Amino acid sequence: MERRLLFLTVLGTLAVQAYSTHFFYLPIALGRVGFSPAATGLLLSVFPLATTIARPAGSFITEKWGVRRSFLLAACLLALFSLPMATSRGFQGLLVLRILTGTAYGLCMVALTAFQAMVIPEEGRGSAFSWIAAGYVLPQLFLLPLLDWVFALGFTSPYFWIIPLLAAACVLVAWITPDLPGRLVEGRKAWGTWAEVLGTPLLGSLLVSWVLFALANSAGLQFIPALLSERGMIPSVFIVSLATTSLVVRLAANRLMDRLPRKRMTGVSIGLIGLGTILALGCRSNLFLSGVGVLYGLGMGIGFPTLLALVPDVFPFILRPKGVAVSFFAMDLGWIVSPLLVGGMGEIVGLKFALMVTGLLGLAGGVALQIWGWRATPSDVQVLR
């Protein structure tokens, strides 16, 4: 793969994920302006719900318009819908804006990830997606400590003003992103159908893996910081620890990712995230919290690039725009269910117990996936490309 293309895909991921990462601290910001846990959970949930609904449209637009124009259109819509979020503080206004920005974000992710799935050759897929996955975690290292500092000074408004700035960065990156190289689209007169996607071998195992990973990870990333903040601890100690570990795993072991059995590593990663969530609930010192963050980060560092690389492993070239859409649909389900589950349960029995449930679900689901998940279909299925 050309270094320039890899750099641009990593840069695109970094910009789009900085926007998404910013909302990990949305529960803290909303709590400071008087929102209840249930209202916060709903505002968190509608974003991935809108993203999910936008996925099929995103694959259609990407197939018809090409990667660059689709990405640029989606990024411009993201910036347009993000601008009012700088001053909106009412529940109804934020609800509408979260739906609109979630839709635009979903279009961005389909165009960008389809581009990555189609330009990265099979022989370097594990290492390339390790670099791309680094773009998902880097914003956690520089953005969330900045927000900790803002909140520590007693400010809340800057949190909301940063949102349109991050969306504007997505527009700039989309502008410099190229379309697919001509050699990849020559002779490809038709894309595959949704029926072919649904008939793809290993589809069920892949989707279950995405749902479990997203459910466990979204609960931890979005609600553990709020719980730590309530205790008077520093949330970024946990976030920076897990993000640093995840980044080191993704970069230092990027060549190893080409050789690891990707199907078997999904259950390991999900189980580690679930275990990390459970242990984080008992943390009372920053030192112990940092150690738990390392464990959690191992799961993140292994899991996400593995799942990204499995998408083009499972889907042939002509199905990849739709394959990306359906894979991210499964991931979105986890992000939709998680805040509703944790927010709703947190309202009734407390945030700690709600996080314990999601942690146990991740741990048990990871173990079950490791033992049975990929045995339903032959491990050596070869998909025609």
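User: Is the crossing of α12 and α13 left-handed or right-handed?

Analyst: In this predicted model, helices α12 and α13 cross in a left-handed manner.

User: At what angle do α12 and α13 pack, and how far apart are their axes?

Analyst: Helix α12 covers residues 262-280 and helix α13 covers residues 286-314. They pack at an angle of about 150°, and their axes are 8 Å apart. Because angles over 145 degrees count as roughly antiparallel, α12 is roughly antiparallel to α13.

User: Which classes of residue make up the contact of α12 with α13?

Analyst: The contact of α12 with α13 comprises 16 nonpolar residues, seven polar ones and three charged ones.

User: Changing topic to the rings. How many aromatic pairs does the structure hold?

Analyst: There are 12 aromatic pairs in the structure. One of them joins Phe 151 and Tyr 159, whose rings are stacked at 6.0 Å centre to centre, with 25° between the planes.

User: Why does that pair count as stacked?

Analyst: Planes under 30 degrees apart count as stacked, so the 25° between the planes of Phe 151 and Tyr 159 places this pair in that class.

User: Are Phe 151 and Tyr 159 buried or exposed?

Analyst: Phe 151 is buried, with a relative accessible area of 6%. Tyr 159 is buried as well, with a value of 0%. Tyr 159 also pairs with Phe 160 in an edge-to-face arrangement, at 5.3 Å centre to centre and with 85° between the planes.

User: What about Phe 160: buried or exposed? And what sits over the ring of Phe 160?

Analyst: Phe 160 counts as buried, at 0% relative accessibility. The charged end of Arg 89 is placed over the ring of Phe 160, 4.0 Å from the ring centre.

User: Which ring does Arg 68 lie over?

Analyst: Arg 68 lies over the face of Trp 175, 4.9 Å from the centre of that ring.

User: Which residues do ring pairs link into a cluster?

Analyst: The cluster linked by ring pairs contains Tyr 19, Phe 23, Phe 47 and Tyr 105.

User: One last topic, the backbone. What is the phi of Leu 202, and where is Leu 202 found?

Analyst: Leu 202 has a positive phi of about 75°, although it is not a glycine. Most residues other than glycine have a negative phi. Leu 202 belongs to the loop between α9 (194-198) and α10 (203-230).

User: Does Leu 202 count as buried or exposed?

Analyst: Leu 202 counts as buried, because its relative accessibility is 5% and the cut-off for buried is under 20%.

How values were computed:
Residues are numbered from 1 along each chain as its sequence is written. This is a predicted model: local features need pLDDT of at least 70, side-chain atom pairs count only at pLDDT 80 or more; totals for chains, interfaces and linings use all residues. Side-chain values use heavy atoms; hydrogens and water are left out. Rings of Phe, Tyr and Trp (its six-membered ring) pair if their centres lie within 6.5 Å; planes under 30 degrees apart count as stacked, over 60 as edge-to-face and the rest as tilted. Buried means under 20% relative accessible area, exposed over 50%, partly exposed in between (1.4 Å probe, protein chains only). A charge sits over a ring if NZ of Lys or CZ of Arg is within 6 Å of the ring centre and within 35 degrees of the ring normal. Axes are lines fitted to C-alpha atoms, for helices over the stretch in contact, and angles run from 0 to 180 degrees between N-to-C directions. Helices (H or I, at least four residues) and strands (E, at least two) are DSSP runs, numbered from the N terminus. Angles under 35 degrees count as roughly parallel, over 145 as roughly antiparallel, 65 to 115 as roughly perpendicular and the rest as oblique. A crossing is left-handed if the near helix is turned anticlockwise from the far one by less than a right angle, and right-handed if clockwise. Ala, Val, Leu, Ile, Met, Phe, Trp, Tyr, Cys and Pro count as nonpolar, Asp, Glu, Lys and Arg as charged, and the others, Gly among them, as polar.
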